[in-house]
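Please keep the sequence and the structure in view while reading.

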Amino acid sequence: STYLREAGDEDALNVLDEGELGLLMDEHFRAESYTCPLVTLSDIISEHRVERIDLLKVDVEKSEFDVLSGLRDEDWKKIRQLVVEVDTPELLRQITALLERQGFDFEVDETIRAGGDAGGPGFRFYMLYARQPGFEDRVADGAARSKEDEGVAGESRGGGRALTAGELRRFLREHLPEYMIPSAFTFLPELPLTPNGKVNRRALPDPSGEALESEAAYVAPETSAEQTVAAVWREVLKVERVGVNDNFFEAGGTSLLVVQVNAKLREAFDRPIPVVEMFRHPTIKTLAAYIEREQHEKPTFERAQSRVTKQAEASSLARQMRQARQASARKDKDKKRPPPTRTS
């Protein structure tokens with residue numbers, strides 16, 4: 001919400017009241033609990049038929065030794081390099097002893113100090129880098145195994161065929177909501193890494209220039225609502241053409257652009273449109289249908305609400321008239337009653 005407020009234009013900011021933000025948060029952040037079986041690293045290697053690991057990065061908050069202990073002796077031979085972040089000296093001693101037994105060479109970076117007062121010890125973190133000597137020579141000698149690796153990799157990719165952006169998008173749609181699916185995909189032979197084994201984000205190519213691939217065949221907007229929504233999309237997304245079945249997020253839309261589109265649609269249709277409905281109806285066809293349905297149902301609701309209001313007013317007026325008649329009857333009765341007599 002802070003990002004939307006800081007990056008949004010004036011029209012978008014007028015849309016983002018507390019109620020809208022609450023709806024967005026409820027839509028985006030839903031708690032789900034999962035029961036997961038605990039398996040060892042060797043179990044995972046066996047399940048996925050992994051024959052070679054060029055870099056194994058382990059950082060699991062003081063459980064690194066437990067993870068590495070889940071490797072069987074035959075799987076240690078598949079690992080070329082390790083990078084392990086270690087939190088305590090005791091864990092460092094356990095892990096280095098394990099690496100020595102498996103024949104790895106390793107180096108430990110100087111401690112990184114964080115927190116603590118001037119006289120206090122602070123917190124210590126160790127970065128451990130390890131490599132298996134002779135790994136490449138052993139791989140070169142196993143040419144047959146390399147061929148088997150290629151066959152396994154080909155099976156996992158679908159018989160050697162490269163996945164398309166559409167296939168990736170369909171897979172993600174089964175596991176993620178629409179607004180979390182990337183609008184563009186960039187295929188790389190491998191991820192660029194830093195010396196610490198983490199993804200080097202600065203070396204990643206800019207996906208903004210990627211051509212966006214639409215899975216839906218182009219269908220021109222027909223109804224007045226569809227044409228209005230399409231015109232707003234073209235203006236905000238800066239594209240020449242959008243079809244009624246195109247997905248807003250696949251066409252280059254983002255959460256921030258959703259708010260901008262929403263502000264313009266509110267002005268065009270002269271009525272409030274909850275931002276959360278933009279996520280629920282990500283195509284022109286579904287969004288226009290929602291807007292038309294709401295426009296049709298709103299007068300019906302208003303008429304029903306008016307009847308309820310009039311019935312309540314009539315009931316209140318009848319109650320007041322009844323109370324007035326009762327009060328008048330009591331006064332007439334008091335006038336007819338004889339005055340009290342006095343006795344001496």
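## Strand pairing

Leu56 has Leu82 as its bridge partner in β2, and three bridges in total join strand β1 (residues 56-58) to β2, the two running parallel; strands count as paired if DSSP finds at least two bridges between them. Five of the six residues of β2 (residues 81-86) are buried, so this strand is largely enclosed by the rest of the structure, where buried means under 20% relative accessible area, exposed over 50% and partly exposed in between, with a 1.4 Å probe and protein chains only.

The model is predicted, so local features need pLDDT of at least 70 and side-chain atom pairs count only at pLDDT 80 or more, while totals for chains, interfaces and linings use all residues. Residues are numbered from 1 along each chain as its sequence is written, and side-chain values use heavy atoms, with hydrogens and water left out.

## Helix packing

The axes of helix α11 (residues 224-237) and helix α12 (residues 255-269) come within 10 Å and cross at roughly 140 degrees. Residues of α11 that meet α12 include Val229, Val232 and Trp233, and among those on the α12 side are Val261, Leu265 and Phe269, contact meaning heavy atoms within 4.5 Å. The residues of this contact divide into 11 nonpolar, two polar and two charged.

## Loop residues with positive phi

Most residues other than glycine have a negative phi. Glu61, in the loop between β1 and α5 (64-69), has a positive phi of about 55 degrees although it is not a glycine, and Glu61 is exposed at a relative accessible area of 60%.

Asp270, placed in the loop between α12 and α13 (275-280), likewise has a positive phi of about 55 degrees, and counts as exposed at 68% relative accessibility.

Conventions: Helix = DSSP H or I, 4+ residues; strand = E, 2+ residues; numbered from the N terminus. Axes fitted to C-alpha atoms, helices over the stretch in contact; angles between N-to-C directions. Nonpolar A, V, L, I, M, F, W, Y, C, P; charged D, E, K, R; others polar.
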